[in-house]
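Please have the sequence and the model in view while reading.

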Amino acid sequence: MSETGAAALAAHQLLGAYAWLVDERRWTEFGEVFTVDALADYEAFTCRGTDELGSRMESIHAGLDATQHLIGSVLVTEAEGGLRVRSHVQATLVRRGFPGGGSVTVGARYDDRVVRGAGGWRIAERRTRGLWVRGNRAIIPWMADRGGSDPSGSVLNGGDA
């Protein structure tokens with residue numbers, strides 16, 4: 001396998017590992033997929049470093065019964081200092097018996113800068129752009145609080161897909 005092919009495979013593995021870490025609530029293990037000082041911008045919040053990201057993700061997912069993050073449409077290109085990895089994500093969050101419906105699914109794009117270090121390939125920067133939402137936004141307080149128009153043009157705030 002070529003070096004580019006191996007890097008692309010590693011990028012796919014990183015995305016899959018991230019999805020499993022979140023869905024299995026392994027917040028302290030984000031160093032397996034992010035650099036220790038990674039910048040993660042999820043539109044509704046931004047974190048710097050794996051400790052802050054793990055803590056924020058833990059608080060956002062508190063009270064949920066289940067989550068499922070499906071990541072696909074992965075495009076890996078070489079970039080200065082590493083790789084640019086773009087992908088789509090559909091994240092379904094479940095809170096059984098919640099008034100108004102027990103699930104919400106968010107569609108978004110990840111745009112990651114991936115670098116190679118001593119521990120292998122890691123995400124150094126993640127920019128997320130929400131595309132659509134289906135279901136009960138009230139399941140996640142930060143989503144329920146977001147309303148009106150989104151200056152980025154995302155339908156994340158403006159209604160269901």
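Arg26 is partly exposed, with a relative accessible area of 25%. Here buried means under 20% relative accessible area, exposed means over 50%, and partly exposed lies in between (1.4 Å probe, protein chains only). The model is predicted: local features need pLDDT of at least 70, side-chain atom pairs count only at pLDDT 80 or more, and totals for chains, interfaces and linings use all residues. Residues are numbered from 1 along each chain as its sequence is written, and side-chain values use heavy atoms, with hydrogens and water left out.

The structure holds 8 salt bridges. A salt bridge is a side-chain nitrogen of Lys or Arg within 4 Å of a carboxyl oxygen of Asp or Glu. Three of these pairs are listed below.

| Pair | N to O distance |
|---|---|
| Arg26 and Glu24 | 2.6 Å |
| Glu32 and Arg26 | 3.9 Å |
| Asp41 and Arg127 | 3.3 Å |

The salt bridge between Asp41 and Arg127 links distant parts of the chain, 86 residues apart. Asp41 lies in strand β1 (residues 34–41) and Arg127 in strand β6 (residues 120–135). Strands (E, at least two residues) are DSSP runs, numbered from the N terminus. Asp41 is buried at 18% relative accessibility, whereas Arg127 is partly exposed at 38%.

Arg26 also belongs to a network of salt bridges, which links Glu24, Arg26, Glu29 and Glu32.

Definitions and conventions: Helix = DSSP H or I, 4+ residues; strand = E, 2+ residues; numbered from the N terminus.
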